[in-house]
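I opened my notebook to look up a few things in this structure. My notes follow in the order I made them.

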Amino acid sequence: MEALSKDVVGARLNLDITRMTPAFKVIDGGARKNAESFKVLNTELSQTEKSYVSLAKAADKVAMSADERRKKILAESNALVAQRKAQTELLQAKTTALNKTNQVVEEKLKAQQAIVKRRNDAIEQQEQQHQKRMQALQNRVTSTGASAAKATGTDDAT
């Protein structure tokens, strides 16, 4: 200890190193606790800042000017008008498609009715031709029987 004592400008300093190490440890521990406290404080500050930013954005949205509100309402109204126009066009397109389908069905029905009418007409014509042939055959049979009776002389009328 004697070696550490020196005369400085007429005064004598006695340095006791045994007290310095614990003092530095206390100072170091305090500094570490302060660093931890600052970390926690910085975290809280950043969270608070985020909250304030989100509140500011919300306040900006709420605090729109009258012109901005009017523009927003007009935009929403225009969007609704456009949506209704699109719905109307869609309904018109569906109606047109249904009308075309109905026309096709009606044309098919007319074609089928025409085919059925032609068949019925053909059947009727064949029936008439058959009746004419049967009549002609009947007439031939009657005339052949009458001429045969005249030739043989056996007439039903006599």
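This is a predicted model: local features need pLDDT of at least 70, side-chain atom pairs count only at pLDDT 80 or more; totals for chains, interfaces and linings use all residues.

Asp 28 has 37% relative accessibility.

Next I checked what the side chain of Asp 28 meets. I found a salt bridge with Arg 32, at 3.1 Å from N to O. Both residues sit in helix α1, four residues apart, which is about one turn of the helix. Arg 32 has 55% relative accessibility, over the 50% cut-off, so I noted it as exposed.

I then searched the whole structure for salt bridges and got two. The other entry pairs the side chains of Lys 117 and Asp 121, at 3.4 Å from N to O. These two lie in helix α2, residues 66-152, and are also four residues apart. Lys 117 is exposed at 52%. Asp 121 is partly exposed, with a relative accessible area of 39%.

I went back to helix α1, which covers residues 20-62 and holds Ile 27. Ile 27 is exposed, because its relative accessible area of 56% is over 50%. I found Ile 27 in a nonpolar surface patch with Met 20 and Phe 24. The patch covers about 330 Å².

Last, I looked at the chain as a whole. I counted two helices and two strands. Along the sequence they run β-β-α-α. How many of the 158 residues count as buried? I got 1%. The accessible surface comes to about 14,700 Å², and carbon and sulfur atoms account for 59% of it.

Methods: Residues are numbered from 1 along each chain as its sequence is written. Side-chain values use heavy atoms; hydrogens and water are left out. Patches are made of residues with over 30% relative accessible area and no salt bridge: like charges are joined within 9 Å, nonpolar side chains (Val, Leu, Ile, Met, Phe, Trp, Tyr) within 5 Å. Accessible areas come from the Shrake-Rupley method with a 1.4 Å probe; for residues, only the protein chains shown count as cover. A salt bridge is a side-chain nitrogen of Lys or Arg within 4 Å of a carboxyl oxygen of Asp or Glu. Buried means under 20% relative accessible area, exposed over 50%, partly exposed in between (1.4 Å probe, protein chains only).
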